Amino acid sequence: MTRDVERFLKRRTEALVKAVGVERACLATGKSKATLGRYYSTHEEHAARFMPVDAVAQLETAARVPHVSSALADLAGRAARNVGSEVDVRASLQRVTALLTEYGGTEDASTPPPTSAARDLPGELATLRQALFELELQLAGRS
């Protein structure tokens, strides 16, 4: 595992613990504050230490946001696709914004409009998520 990926996963783990709250995270997992802190510590002595999946599952349920699971899925998808080129975050965001504007411009918001926006939005959102993921990895490498 590269150092950038380690930092990325540790930052996502920290975000998960903080989303739940340290005290609640301790109660939910049965782990001490120190142990939870080691899971997201970037110090060399803790570099190979990651939160167990059962603890991740408990905290993601409490947080209602899959901070670590989505990071792992993004990493797996990136490896599977072997992405070599960077996706332009700004252009992707502009396309998603345009589609959301078209999608949200209907009278009845509960019924998806029969437009290309409804068809194209999921793919563009996936592209934007990949672009943001690559940007996050780049930024992790600079910190």
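Modeller: From the N terminus on, the elements of the protein run α-α-α-α-α-α-α, which amounts to seven helices and zero strands; helices here are DSSP runs of H or I with at least four residues, strands are runs of E with at least two, and both are numbered from the N terminus. The model is predicted, and for that reason local features need pLDDT of at least 70 and side-chain atom pairs count only at pLDDT 80 or more, while totals for chains, interfaces and linings use all residues. Residues are numbered from 1 along each chain as its sequence is written, and side-chain values use heavy atoms, with hydrogens and water left out.

Four salt bridges turn up in a search of the whole structure, a salt bridge being a side-chain nitrogen of Lys or Arg within 4 Å of a carboxyl oxygen of Asp or Glu. One of them joins Glu-6 to Arg-3, with the closest N and O atoms 3.0 Å apart; both residues lie in helix H1 (residues 3–20), three residues apart, or about one turn of the helix. Glu-6 counts as buried because its relative accessibility is 14%, whereas Arg-3, at 29%, counts as partly exposed; buried means under 20% relative accessible area, exposed over 50%, and partly exposed in between, with a 1.4 Å probe and protein chains only.

A salt bridge also links Asp-4 with Arg-7, where the closest N and O atoms are 3.3 Å apart, and these two residues of H1 are again three residues apart, so about one helical turn separates them. An α-helix has 3.6 residues a turn, so residues three or four places apart point the same way. Asp-4 is partly exposed, with a relative accessible area of 30%, while Arg-7 counts as buried at 17% relative accessibility.

In another salt bridge, Lys-33 meets Glu-23, and the closest N and O atoms are 2.7 Å apart. This pair links distant parts of the chain, 10 residues apart, with Lys-33 in helix H3 (residues 33–40) and Glu-23 in helix H2 (residues 22–29). Lys-33 itself is partly exposed, its relative accessible area being 48%.

H3 also packs with H1: their axes come within 7 Å and cross at roughly 145°, where axes are lines fitted to C-alpha atoms, for helices over the stretch in contact, and angles run from 0 to 180 degrees between N-to-C directions. Lys-10, Thr-13, Glu-14 and Val-17 of H1 make this contact with Leu-36, Arg-38, Tyr-39 and Tyr-40 of H3, contact meaning heavy atoms within 4.5 Å.

Just after H4, Arg-64 takes a positive phi of about 60°.

For the setting as a whole, 32% of the 143 residues of the protein count as buried. Among contacts with a separation of 6 or more, 71% are accounted for by residues 24 or more positions apart.
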